[in-house]
Amino acid sequence: MGRSWPVLFAVNVVLGIPGIVPIWLVYYFAANWPLAGLGLAGRNPTENDGVLPWLLLGGPVLTLFFLMWWLANLPLRRRTLLAPGTYWLLSVAATTLPTLALITLGIIL
């Protein structure tokens, strides 16, 4: 793994802090439209604006976050000895840690 492991972890956890917003947007969109349409989740009764506002808001937010995340990880990927698939899997997992921590705290409290 080399010396880049702590840097990989730290950079992606720090990116995961602002990443809470896009991860929540994806969850909220999925829960209110595709999953609710399949009967797997309950739709928010006040969500009656349709999909377009979410695409107009969520599209740029998700695109901006993904570009920031990818551009931050690209130079780190070149310096690591990890296989590409392993590197990107660990990067995604480390990025989701702040969101998972908030979910866990919400369940506990």
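**Helix packing and aromatic pairs in a predicted model**

I start with the contact between two helices: Phe-65, Trp-69, Trp-70, Asn-73, Leu-74, Leu-76 and Arg-77 in H4 meet Pro-84, Tyr-87, Trp-88, Ser-91, Val-92 and Thr-95 in H5. By class, this contact of H4 with H5 has nine nonpolar, three polar and one charged residues. Ala, Val, Leu, Ile, Met, Phe, Trp, Tyr, Cys and Pro count as nonpolar, Asp, Glu, Lys and Arg as charged, and the others, Gly among them, as polar. Contact here means heavy atoms within 4.5 Å.

Some conventions before I go on. This is a predicted model, in which local features need pLDDT of at least 70 and side-chain atom pairs count only at pLDDT 80 or more, while totals for chains, interfaces and linings use all residues. Residues are numbered from 1 along each chain as its sequence is written, and side-chain values use heavy atoms, with hydrogens and water left out. Helices (H or I, at least four residues) are DSSP runs, numbered from the N terminus.

Now the geometry. Two packed helices are described by the angle between their axes and the distance between the axes. For helix H4 (residues 52-79) and helix H5 (residues 84-108), the axes come within 12 Å and cross at roughly 135°. The axes are lines fitted to C-alpha atoms, for helices over the stretch in contact, and angles run from 0 to 180 degrees between N-to-C directions. H4 and H5 are therefore oblique to each other; angles under 35 degrees count as roughly parallel, over 145 as roughly antiparallel, 65 to 115 as roughly perpendicular and the rest as oblique. The crossing of H4 and H5 is right-handed, meaning that the near helix is turned clockwise from the far one by less than a right angle, with anticlockwise being left-handed.

H5 also packs against H1. Their axes are 7 Å apart, at an angle of about 45°, which makes H1 oblique to H5. This crossing of H1 and H5 is right-handed too. On the H1 side the contact has Trp-5, Leu-8, Phe-9, Asn-12, Val-13, Leu-15 and Gly-16, and on the H5 side Tyr-87, Leu-90, Ser-91, Ala-94, Thr-95, Leu-97 and Pro-98. The residues of this contact of H1 with H5 divide into 10 nonpolar, four polar and no charged.

Two residues from that list. How accessible is Asn-12? Asn-12, in helix H1 (residues 4-16), has 0% relative accessibility and counts as buried; buried means under 20% relative accessible area, exposed over 50%, partly exposed in between (1.4 Å probe, protein chains only). Not counting residues up to four places away in sequence, Asn-12 touches Trp-69, Asn-73, Ser-91, Ala-94 and Thr-95. Leu-97, in helix H5, is partly exposed at 36%. Leaving aside neighbours within four places in sequence, Leu-97 is in contact with Phe-9 and Val-13.

Next, the aromatic rings. The structure holds nine aromatic pairs. Rings of Phe, Tyr and Trp (its six-membered ring) pair if their centres lie within 6.5 Å; planes under 30 degrees apart count as stacked, over 60 as edge-to-face and the rest as tilted. One of the pairs is Trp-24 with Tyr-28, which is stacked: 5.0 Å centre to centre, 25° between the planes. Trp-24 and Tyr-28 are about one helical turn apart because they lie four residues apart in helix H2 (residues 20-32). Trp-24 is partly exposed at 42%, whereas Tyr-28 is buried at 14%. Another pair, Trp-69 and Trp-88, is tilted: 5.5 Å centre to centre, 55° between the planes. That pair links distant parts of the chain, with Trp-69 in helix H4 and Trp-88 in helix H5, 19 residues apart. Trp-69 counts as buried at 9% relative accessibility, and Trp-88 as partly exposed at 24%. Trp-24 and Tyr-28 also belong to one aromatic cluster with Phe-29, Trp-33 and Trp-54.

Last, a loop residue. Where is Pro-18 found? Pro-18 is in the loop between H1 and H2 and is partly exposed, at 42% relative accessibility. Beyond its neighbours within four places in sequence, Pro-18 is in contact with Phe-65 and Met-68. Pro-18 and Phe-65 are 47 residues apart in sequence and 8.3 Å apart in space, C-alpha to C-alpha.
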